[in-house]
Structures are given as C-alpha cells and as structure tokens.
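Morning, everyone. I will talk for a few minutes about how two parts of one protein chain meet. Please have a look at the model first.

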Amino acid sequence: MKIPFNKPYLSGKELYYISTTIHNGRTAGNNDFTKKCHAFFQDKFQFNKTLFTTSCTDALEMSALLMKIQPGDEVIIPSYTFVSTANAFVLRGAKIVFADSYVNNPNIDSSGIEKLITHKTKAIVVVHYAGVACNMDEVLAIAEKYKLFIVEDAAQAIDSYYKEKPLGGIGDLGTFSFHETKNIICGEGGLLVVNEQQFTKRAEIIWEKGTNRAAFFRGEVNKYGWVDIGSSFLASEILAAFLYAQLEHMEEIQTRRKEIWQNYYDGLLPLATSEKIALPHIPEYASQNGHLFYITCNSLEERSLLIKYLRDRGIYAVFHYLSLHKSKFFENQYTGEALPNCDRFADNLLRLPLFYELTNEAQQKIIADIFDFYKDR
Ligand SMILES: *Cc1c(COP(=O)(O)O)cnc(C)c1O
C-alpha cells in the first residue's frame, strides 16, 4: 500500500460549474461565480468584504498596498511560515522583523512581539499555523497600544476560530488560500478579507487594476477609469466556479478532516505520554480545522530517520518550513536575536498524510508504523 502525503478532494461538480461559465461566455473575473463565492464567505462568516484573488500570496500583496507599506517601514512576522507571508511586504520595501514561535506551538509568541516594536513598525502579521488560532486578544491589545495594523495570514485557517470568532475576520485584513494543498481548493486561488472599513473601497480598486470598474458595474459611477494603483489580483470565473463546487461541500470536508486529525491525536497519544514525540498543542481559545497534522520529533536526526522509515513502507510524510530568518535570501540581512523555537520546529516538525479520502485502514497503518519506529528508542 502506497499512502501519498496529499490527495486533493473533488466534489464532482467542478467541471459542471466550469462548463457553465464557458457556455455563458463569461470566464473573466468578478462575475456570477465570484459573487456566489463572496456571498458564501460573507454569509457564513459575517465578513465585511471579501475579494476572490489568484492566490493567498496576492491577497497578502494587496494587504501591503492597502496599508501603504513603504521602504523603511517595519513589519513583524513569524519566522516559521511560508515565504509569501514575508515576500508580500519585502516587495514594498519593508524591513521584515522576525518573531519567534511558542515553545509548544509554532504560532507567533505574542509575549515576544512588544520588544520588536520601533517607531517604524507599521504592522503585525500573524499566521494561524495548521488552522490553530494565534493569541488574538494579546495581539490586538499590542496593536491598539502602538497603533499598528494586523494582517491575519489565514491561508491554512478556513472555518477555524479564535474563541467564537472566525479566523481571517479579526485583524484589519485577512487572507486565505485555495491552493491544491489546502482544505478547500481551486488549483491556485485566494481570498482577501477586508475587515477595516477604511480599506473597503480601495481594496476593490486595487483588485481591479487600479480602476473603479466594480463601482461602475454597480451603477455607482457613470464611467470607469484609472483612479489608484492596482494590479490584476482578481481571478477568473473558471477558478471561482471550481471553488464554488468545493464550498458547497465545506461541512463534509471539514468534518472528515477533523475526524482524521483526532484519530492521529488519540492514536499517537501514548508516544507523547512517554515523551518520544510531542503532539500539537491546541490552546483553549483555539479550534483546529483538520488542515494538517504534525508530530514533533526530539531531533532533526530522528526526524530524518522516521521520514525514511515511513517512506520505505510506502508512506509519504513531509516537513516544512525552514526558518525564514536563516534562509538564503535573508540570512545576511538578519540582525535580530536567535529564534530557538522557530528553529526547533523547522528541524523537528513532521507532517503526516491528511486528506479527505485517507481511509481508517491506511491511517491505522501509519500510526502502527510510527509505533514500530519508536519501539526500541
Ligand atoms: C499556502 C500558504 C500561503 C500561500 O498561499 P498561495 O495561495 O499558494 O499563495 C501563504 N501563507 C501560508 C501560511 C500558507 O500556508
């Protein structure tokens, strides 16, 4: 039995909806399916304004434009994240100030943020790793005190919550990803959530190449033209059609993924009790959305051996992220302190296969093989 790391979920209606857009002759952006997707997010999560984009990366770049990030501005970002979280602000000339993770959770350690703030700090970007919420009350209090913007990189956090609040809807701006590897997909796609009212109008303009085209089609202005900077951040209706076919099945997808997550947690608990591995820590204020399941090994060497052990048995487990402050692009620019928790997750964290169609039988085999690996350790 070969068990892949990921297998994208398909509802079965994707091609049907895509063919509808083609037959209607409406394949460019911001048409019927895009509006259906926006309405879905606004109804389900009560988001103020949402804009479907070609990726989460694009939604992050839009965030940087909306906050008018300029050369010299500083943006605080966890080092344990995907490159796009930082790149979006680097593109505007910002200085990235990297923050560490918690000891027992890859999310940004909110107690370490305040010491990173200077008079140049403009924004804090939090990443809800594995769909598990950051400590938002603490981050909000810091942002309030120093008048900073908050962006939530909620790429992994769809339908996940901080206390009762949906992630992506708490900061000034939030971003989601529908990349093939996420819970809800359309190949490549993303969403910008605009929570801060002052950004609502301008977000739509930046999204539509710096024009007021969207307002024109609503009949609010009698001609449209170039009114601001912008780019082609809106995605094709073909992608919106794909996405909508997935959104209709969100409940079912999330339920199954959370079940698989819980099976791993329960099954591997004895190894955590005996301190051979560590399991994810879900703070009381956070939910999890079955986006990914990871274990933390006791060393890089042990993790490498475990990856090989599983691969020899047909199981594909993968690691990520390399600390961004130590990346090839950034290491020469980095002037901050050591970030030991981030480095430890980079070395020791291992993601296990988690996808809708993963059978209980396959999952039991994965768990059994991990027990075998640790038998004599
Ligand atoms: C996947 C991911 C992204 C990038 O999303 P794209 O839609 O591929 O641009 C950004 N940040 C985090 C934390 C991610 O997991």
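What distance separates the centres of domain 1 and domain 2, taken over C-alpha atoms? The answer is 26 Å. This is a predicted model, so please keep that in mind throughout. As for which part is which, domain 1 covers residues 14-247, and domain 2 covers 250-374.

Now the interface itself. On the domain 1 side, 43 residues are in contact with domain 2, and they meet 36 residues there. Between them the two domains bury about 3,400 Å². Carbon and sulfur atoms give 57% of that area. Three residues deserve a mention here: Tyr 80, Phe 98 and Asn 183 supply 20% of the area that domain 1 buries against domain 2.

How many salt bridges cross the interface of domain 1 and domain 2? The rule finds one. A salt bridge joins the side chains of Lys 44 and Glu 251, with 3.6 Å from N to O. Polar contacts across the interface come to 22 residue pairs.

Which helices and strands of domain 1 are involved? Those that each supply at least two residues to the side touching domain 2 are α2 (32-45), α4 (83-90), β3 (95-99), β6 (161-162) and α8 (237-247). The largest share, four residues, comes from β3.

Last, the classes of residue. The side of domain 1 that touches domain 2 has 24 nonpolar residues, twelve polar ones and seven charged ones. That is all from me.

Conventions. Residues are numbered from 1 along each chain as its sequence is written. This is a predicted model: local features need pLDDT of at least 70, side-chain atom pairs count only at pLDDT 80 or more; totals for chains, interfaces and linings use all residues. Side-chain values use heavy atoms; hydrogens and water are left out. Domain bounds come from an automatic or database domain assignment. Contact means heavy atoms within 4.5 Å. Buried area is the accessible area (1.4 Å probe) that two parts lose on being put together, summed over both. A salt bridge is a side-chain nitrogen of Lys or Arg within 4 Å of a carboxyl oxygen of Asp or Glu. A polar contact is a pair of N or O atoms within 3.5 Å; within protein, one must be able to donate a hydrogen and the other to accept it, and residues adjacent in sequence count only if both atoms are side-chain atoms. Ala, Val, Leu, Ile, Met, Phe, Trp, Tyr, Cys and Pro count as nonpolar, Asp, Glu, Lys and Arg as charged, and the others, Gly among them, as polar.
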